[in-house]
Amino acid sequence: WTSTASQDPRSRPWYQGASLKLNALYWTSPYLFNTNQKAGITVSSSWIDPFNDSLSVTLAYDLTLESISEFTEKIRPTENGEVMVTTGDKVFVIGAPRTIGEENQIESLSFADSVSKQELITVLNAEELDKPFQFESEGKTWWGVLQKFNLNKEQSFLIVVALPEDDFLSELKDSQKLLGGGFLGILLLTFLIMRSHNKQVKNQKLLREKNNEVIAQSISYLN
């Protein structure tokens, strides 16, 4: 058997990284796949064969940036909210924000600072992690948070979330309408319960008066 591969897989980052971290997951930085020349990342793991300690086994799974971006583009924290995923060093985009037409489409390696949506860049440059903050972008008020997702002790992704305040106000108004409707419903229910209770009290009073009248007539008849 003769190998026809143009490159030795052992020279690829997914193999070299995993071989240095046996029995653990290793995530590569974005790079171009040999097979289809698409940009992506690879998660891999290496271990020693339990039946032959001279044999090392490496398993790898490829994820294209295109497929990851298809997922992040569908995320809607609010109607006009934006989500983006980058490498932990803030250099490369892993999951692109939603696009309009050809805008921001990721077909090859893209640098995070090349994203045209300024609100996402503002959040990406946040000084603190996991702390929501308010900022202005293109005349609108936004809220953002930069969250760290650890892949292992050395590697991580950054999740960038930017939400326009108008979305919150709109949802708040809808909530107020629901609360108002719920309050009116409670008032109506209370009114019906009180009406039913008063009616029962009145009927019980009439019944007692009728019983007293019958008892009085019975006593008069006996006398």
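Okay, let's start with Arg10, which is exposed, at a relative accessible area of 53%. "Exposed" here means over 50% relative accessible area, buried is under 20%, and partly exposed lies in between, using a 1.4 Å probe and protein chains only.

Before I go on, a word on where this comes from. This is a predicted model, where local features need pLDDT of at least 70 and side-chain atom pairs count only at pLDDT 80 or more, while totals for chains, interfaces and linings use all residues. Residues are numbered from 1 along each chain as its sequence is written, and side-chain values use heavy atoms, with hydrogens and water left out.

So, who does Arg10 pair with? Its salt-bridge partner is Asp8, with the closest N and O atoms 2.9 Å apart. By salt bridge I mean a side-chain nitrogen of Lys or Arg within 4 Å of a carboxyl oxygen of Asp or Glu. Asp8 itself is partly exposed, at 35%.

Next up, Glu66 and Lys38: their side chains meet in a salt bridge at 3.1 Å, N to O. This pair links distant parts of the chain, 28 residues apart: Glu66 sits in helix H2 (residues 65-73), and Lys38 in the loop between strand E2 (31-32) and strand E3 (39-48). Helices (H or I, at least four residues) and strands (E, at least two) are DSSP runs, numbered from the N terminus. Glu66 is partly exposed at 37%, and Lys38 is partly exposed at 36%.

Last pair: Glu128 bridges to Lys131, with the closest N and O atoms 3.4 Å apart. Glu128 counts as partly exposed at 46%, and Lys131 is partly exposed at 45%.
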